[in-house]
Amino acid sequence: LLMLPISTTGPGGAPFLRSLFTATSAVCVTGLTVVDTATYWTEFGQAMIMLMIQVGGIGIMTGASLLFLTISRRMGLQRRLIAQAETKALNLGDLRRVLLGVVLFSLLAELIITAILATRFWAAGDSFGTGLWRGAFHAVSAFNNAGFALFSDNLMGYVTDPTVTITIALAVIAGGIGFPVWLALRRDLFRPSRWSVHVKLTLVTTAALIVVGSAAFTAVEWDNAATLGPLSVPGRILAGFFAGVMPRTAGFNAIDYEHVHPEGLLITDMLMFVGGGSASTAGGIKVTTFALLAMMAWAEMRGRADVQAFQRRIPGNAQRQALAIAFAALNLVVLGALALMASSSFDFSRTLFEAISAFATVGLSTNLTPFFSDFGHSVLIGLMFLGRVGPLTLAVALVLREH
């Protein structure tokens, strides 16, 4: 679709590798780009990118299950189990409700975000059609943690605009928490005692990472004349908060990461590697995996045999899965960074940033992505795909073949 001449503004269609990179970035809801989305692609091409983001965000298997459900009006046990693994549903009998809830929740959230952003773009001078289109595109991109933008400077022109930045930040958080958490909150919002360990870990760890990450990034970039320095104090705080949320994992940027201090890049690296919630539109190793690894280390330092969270014992298989995910993710990132460095002359800090951004399906960039060779772009495509599929899921699918 992206190779069609109708998809590009210039003569002829986009080359194969460029189209493949963009399609992978969209379906894997990453946001890394090798061309300017605003000027290179036509409205048809941008619409195809938005459609791929939506499909990738909801989930390939969830979408396939919904399509099957629509056609046949019933689902077999095997397909129910596949969809259950994607949505983390606990009750097979509730699967139809969960799947429809995922889609309806996504569309409702995106409609609300579209209305807010479109109103702001109209106020900024856009025509009705342009404002509505930009609002819808950025709503889908934000809620699905993709990071594609229809402005050549991404969102740098709105760095101190609270309507745009806060709305998109909240959309990223909502999409990155995960559908199971939202379903649980809808059922027991005012009864925290009935929340599962998964819900509690996701909410607490997400809030802690956003607060600590935003504060740390703002502190190290406070006087950087190329990022937060020229802004007012409220502007610096707003931009720092936005930069702390985006590694959840959305690739919108309101500052130029090419000029971020190495300390700021390292903070962002760590936040991107952790990512968002399980069964969400976010990537990374997931906040629950990170929290479990931290609790395992804490239990070991205290000499405890059991790992506990909120007075619940965490089973050994969950601990082994967390270690396997972290080990596989770390090795993929290291190998990816080595491959990128071997095929380019860029420095380690920025190359590592690009590799983590691709694997964690974030999309933030220090402006290196377009300048990698075809081999480098192929490496990033592989990292985006593996990061979205998941190292452990891929290993199970290809090797274990468990029944």
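## Thr-114 in helix 6

Thr-114 lies in helix 6, which covers residues 95-123. The model described here is predicted. Because its relative accessibility is 11%, under the 20% limit, Thr-114 is classed as buried. Leaving out residues up to four places away in sequence, Thr-114 touches Leu-132, Gly-135, Ala-136 and Ala-139.

## Ala-282 in the loop between helices 12 and 13

Ala-282 belongs to the loop that links helix 12 (262-274) and helix 13 (287-301). This residue has 0% relative accessibility and therefore counts as buried.

Apart from neighbours within four places in sequence, the contacts of Ala-282 are Asn-145, Gly-175, Gly-176, Arg-248, Thr-249, Gly-276, Gly-277, Thr-361 and Arg-388. A further relation concerns Ile-177: the C-alpha atoms of Ala-282 and Ile-177 are 8.0 Å apart, with the two residues separated by 105 residues along the chain.

The volume of the largest cavity is about 30 Å³. Its lining consists of Ala-239, Phe-242, Ala-243, Met-246, Phe-252, Asn-253, Ala-254, Ile-255 and Tyr-257.

Definitions and conventions: Residues are numbered from 1 along each chain as its sequence is written. This is a predicted model: local features need pLDDT of at least 70, side-chain atom pairs count only at pLDDT 80 or more; totals for chains, interfaces and linings use all residues. Side-chain values use heavy atoms; hydrogens and water are left out. Helices (H or I, at least four residues) and strands (E, at least two) are DSSP runs, numbered from the N terminus. Buried means under 20% relative accessible area, exposed over 50%, partly exposed in between (1.4 Å probe, protein chains only). Contact means heavy atoms within 4.5 Å. On a 1 Å grid over the protein atoms alone, a cavity is a set of points where a 1.4 Å probe fits but cannot get out, and a pocket is an open set with protein on both sides within 12 Å along at least five of seven lines; lining residues have an atom within 4 Å of a point. Grid points are joined across faces, edges and corners, and a volume is the space filled by probe spheres set on the points.
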